[in-house]
Amino acid sequence: MKFKHQYLGYESEEQRDLYSCNILDDYGVHVGFCKYYKPLLEFETVYIEFINITCQHRRRGHATAMVKELQRMYYLKWDGRLSTDGRKWYNSLMERQMV
């Protein structure tokens, strides 16, 4: 699994830096992306805004790998705004004590 992080810029209204990350499988095939942000006052903390995995690549651990990647780099927090599927996935991460 490979992750290509990109700085998107500063959002002055929210006072935060925005980032995206393309998620690639071991063969370099794009399987999804993530958007996250870092508030200015929390230098080592990032919040996941969303993770989107393509339909044909879901339920294969790509989103979980993205979470592990961000946990490796930063202190990770969640803003609590999750879709129905996202909530189920997040709850499974909690059950496995990954977040």
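Which residues form one aromatic cluster? Tyr7, Tyr19, Tyr36 and Tyr74 do, where rings of Phe, Tyr and Trp (its six-membered ring) pair if their centres lie within 6.5 Å. The model is predicted, so that local features need pLDDT of at least 70 and side-chain atom pairs count only at pLDDT 80 or more, while totals for chains, interfaces and linings use all residues. Residues are numbered from 1 along each chain as its sequence is written, and side-chain values use heavy atoms, with hydrogens and water left out.

Five strands make up an open sheet of mixed pairing, in the order E1-E2-E3-E4-E5; strands are DSSP runs of E with at least two residues, helices runs of H or I with at least four, both numbered from the N terminus, and two strands pair if DSSP finds at least two bridges between them. Strand E1 (2–11) and strand E5 (75–78) each have a single partner strand and stand at the edges, so one side of each is left without a neighbour in the sheet. Within the sheet, E3 and E4 run antiparallel and are joined by six bridges, and Lys35 has Phe50 in E4 as its bridge partner.

The loop between strand E3 (30–39) and strand E4 (45–53) holds Leu41, which is exposed at a relative accessible area of 80% (exposed means over 50%, buried under 20%, partly exposed in between, with a 1.4 Å probe and protein chains only).

Methods
Rings of Phe, Tyr and Trp (its six-membered ring) pair if their centres lie within 6.5 Å; planes under 30 degrees apart count as stacked, over 60 as edge-to-face and the rest as tilted.
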